Every structure is written in C-alpha cells, then in structure tokens.
Amino acid sequence: MSIPQRRCPAPGCESKGYQAVAWYCEACDEVFCEVHDATHGCGVPGDDEYWDRTMQTRSIILHKFLNGLDLRALTKRASVLNGGCECLPIDKDTLDETLMSGGQHFLVPLDFRTGERWLARFQRPSNQRPSPAMCQQALLSEVAVYKFLASIDFPVPKIFDYAMNEEHSYGIGYGYILMEQMNGFPLSSIFDGASQETRTKILREAAALQVKLAAHPFHAIGALHEPDAPQVGTLTLSWLDAEFEQPSLGPFAHSSEFWEACLHNTWSSQAGVADIDAYLGFLFMREAVAAMIPSDTSSDSGNPQFILRHLDDKGDHILIDDDNNIVAVIDWEYSWIVPKELGLTAPLWVGEDIGINDEYSLQICPAEREFASFLRDEFARPDLAVLAETGRKYYYLHRACGAVLGSNDFCDHDVPTLLRALGSQTASWEEWKTAALERYADDEKLCDLRERQSLV
Ligand SMILES: [Zn+2]
Ligand SMILES: [Zn+2]
C-alpha cells in the first residue's frame, strides 16, 4: 500500500495502468513509470554515479528548504514554549551536514541553555510526497497518535507543539512538530546480533507494549485525526490514485469493508490498462480476501475491536538504551487503526524471516514463538498469542492488496504465498490462471479485455 502514483515525467511517456505505477528515483527526485525508471539515465542505486546525483539532489532540496526556514523564529518559539529558557542559536552550516542523511523528515536539534534538547521535525519536501492537504493530515494524525499513546502511558517522546502548515507556524516557515529528543539507538541495529538474554528482555518488553495497545481498542478503522480530541477518521494515505488525485478511504465499521476498500483502491489505480493479468490479479485477490476475512453480517456489537498499528515496524522505530530497555517508539506517521488480525500480528522486526525481502515464509520463527509465549504465559492473553502466531498470512494479504496486480513480483511471490496460506491444492499463478480463465469465462470485463487483446 505504498505505491505513489504520478504521471511519468519522461518526454512523450504515455504509460498506463500498472506500467505507470510509480518508481521513485532519489537521484533526481522524480517518480517514473517502470520503463523510464530503468532507462532515464540516473543509473542504478548503489552505483557511484547514482550516489553522486543523489547527494547533489539532496543538497538542492535541503538548501531550498533552509531558505524558507526562519531559524530565529524557531528558537524563539522553542524558548517561549520552554518557559522562557533560552534556546541557543542554530548554525546553518552545521545543519547542512546533519540534514543530508535522507529519509522522510528533516530533524533540527534545538539546544537550550540548560542542556536540554528538543527536536523540530519537518516533512522533507519531495516529489514522493502525497498532496499538500494529505501532508497536513498526516502531520495532524501523527500528533494525534502521539497524544493518544501518551495518554495510555506508551513510551513516546513528549510533543511540545505543532503547526499544520506555514500559516500556523509563527513565522518559522513550514508545518512542524516540536518534540522531546529521546536518547537511544534503533533496535534494528542490535537485535540480530544480540545475546539470547538481551533478545528475551526486549521481546518481553515488546509483548507488554502489544498488550497495552490491545487494551485500548477503537470503534472504527481509519486514522486518528484531531490532535486535541483524537478520533478515527479517513485513512492517511501516502499515494495518489489513477487520476493523480488523493483518494479518500474510510473510516470503516467492519474488517471486511476495510480489506475490500484497500483492494478496490489498488485496482482502481491500475484499472486504466487493458491487461488481462492485472484484472485476473484483482479477481485472485478478491477471492483471497473473501476466503480469509469473514464478511460481517452484524453491526458493531458495542465492543471496540480495532487496534492502532505502526505499519512500518521493522525495528528502526524502536529506541533502546544501553541497558536494553525500550525508551521510545517513534515515527508514527501513516499509522492506522486496523482490524485485529492485522493489528495484532507479531511486529515485523520479530519475524526475522518475514517476506520483507524475498522470503515469503509462513513458518513461525523462534523470536515470534518467544514473543507469543510472553503474551500467553506472562500476560495471560492467549488470544493475543494466537494472533501473533498465526497472523503472518494477514500481513501478506495486506501487502498483496497493495501490490502491482499482475506484475512478476505479484505472480511469483504474493500469489503462491497466499495459495499456501489458504491451503489450496493450486500452487502457482499459472495453474490458478488456467482454471480462472474457465471459471470466469462469462465475466463481462474479462471478455472485454480478451476481445481487445485479440484485436491488437
Ligand atoms: Zn533519476
Ligand atoms: Zn514513462
């Protein structure tokens, strides 16, 4: 679900449908179709040439950003918020170095006379970002999430102030979040090489946090809005639709509505192309969603059942101190309130061999087993343990719902994995497709696509 959609800037390019699904090139800060991503001339990530161009582009973006940033207004605002304690002037030249590291945000450190340090966080301007309205919504949503998490005593940095855009920024120049600086290093940098004792300690703490989130469910699926009175609204989305507009999804009262909307949104962004495999991919996913997600017939019985999930929990969002305690969980931009089956699977960093790369294993790994055993034995939540042990297939379903339907990656990886998760006798895309062409022989859209293809 993270495909940004933009018109390919290559001269004369008229790519449509999944061929137009965007590929971001950091070297030139443009989003290309699949063909022009490979051929537009920036080289391949990892090459020296690509790296040089990337650093040049980062420098251009950074200097444009710094030109619009009033550092004196920023330190003045911080001083006011910190009870008049002087915030030390910031040297633009040192910022140059610290802000060149890439990522989705610029983090400007704010040092006070007392030695205290805050961070001012700005969205990094980039062609990869969604519409300005969605950027504002994402910022407000993230603040709302931090406030909610602080209210349930979840370890997050304190938020001192925020502005949704330049207009509300006290002359600083951009929307911002002012937050506490947390001292710690990313979990992802130590977990793999850590001793068993350390891993156990961290898994236990992470299980306690899972219990805490599960203890504070919501009545609807969506994103948190309204920092001052957090409530569930439409999903914050980091991509545009096929018309290059920002789609509006949710909020949803039922799990099945959420899954169907995710899939239909993906299909509608790729439906411009007369491609049989893309359409069959959509039909495949429609079957998979129907088989894995029971359709809700009753209305919400009054029990809230949807859970806040950090959807990018690969481990760099958790900060660990020298004694291996979790000091904070950060970067909640684009986090959603989701159905339990997706919200309470084990975090991605726990499932070491989860299909982040090429591995699409459905087997539970030792860390997941340990994580689940804490949920079951120490926290007396066997229901959460079961979700952590069996939830991996929902992670794959979610990923496939946002995949490029009919692409090689989808057909070679997503489809066989979901077929296995469903316990199907059919093992491969080709096998499924052969049967589906017969099964859907009367499908109007499929007939239309076959006719058009035969005319080409
Ligand atoms: Zn490029
Ligand atoms: Zn193109």
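Two strands pair if DSSP finds at least two bridges between them. The model shown in these views is predicted.

**View 1. Strand E6 pairs with strand E5 and with strand E4.** Strand E5 (residues 159–163) meets E6 in the antiparallel sense, with four bridges between them. Alanine 163 has tyrosine 176 of E6 as its bridge partner. E4 (residues 117–123) also runs antiparallel to E6, again joined by four bridges. Here leucine 119 is bridged to methionine 179 in E6. Strand E6 itself (residues 176–180) is mostly covered, with four of its five residues buried.

**View 2. Three strands form an open sheet in the order E7-E11-E12.** Pairing in this sheet is antiparallel. Strand E7 (185–186) and strand E12 (326–329) stand at the edges, and each has a single partner strand, so one side of each lacks a neighbour in the sheet. Two bridges link E7 to strand E11 (residues 318–320) in the antiparallel sense. For phenylalanine 185, the bridge partner in E11 is isoleucine 320.

**View 3. Helix H12 is mostly covered.** The helix spans residues 392–401, and eight of its 10 residues are buried. Buried here are Arg392, Tyr394, Tyr396, Leu397, His398, Arg399, Ala400 and Cys401. Their cover includes helix H7 (255–270) and helix H8 (276–292). Helix H9 (340–343) and helix H13 (408–421) are also among the covering elements.

**View 4. The largest nonpolar core has 99 residues.** Met285, Ile337, Phe371 and Ala388 have the most contacts inside this core. Helix H5 (residues 132–151) gives the most to the core, contributing 10 residues. At least three core residues come from each of domain 2 (68–181) and domain 3 (189–455). In soluble globular proteins, nonpolar side chains tend to be buried together.

**View 5. Phenylalanine 371 and its contacts.** This residue is one of those with the most contacts inside the largest nonpolar core. Leaving aside residues up to four places away in sequence, phenylalanine 371 touches Leu203, Ala206 and Ala207, among others. Ala346, Val350 and Ala388 are also touched by phenylalanine 371. Ala388 is likewise listed with the residues that have the most contacts inside the core.

Terms used. Residues are numbered from 1 along each chain as its sequence is written. Chains are lettered from A and ligands numbered from 1 in the order in which they are written. This is a predicted model: local features need pLDDT of at least 70, side-chain atom pairs count only at pLDDT 80 or more; totals for chains, interfaces and linings use all residues. A residue is buried if 20 or more other C-beta atoms lie within 10 Å of its own, exposed if 12 or fewer, and partly exposed in between; C-beta atoms are placed from the backbone. Two residues are in contact if their C-beta atoms, placed from the backbone, lie within 7 Å. A nonpolar core is a set of buried Ala, Val, Leu, Ile, Met, Phe, Trp, Tyr and Cys residues joined through C-beta atoms within 7 Å. Domain bounds come from an automatic or database domain assignment.
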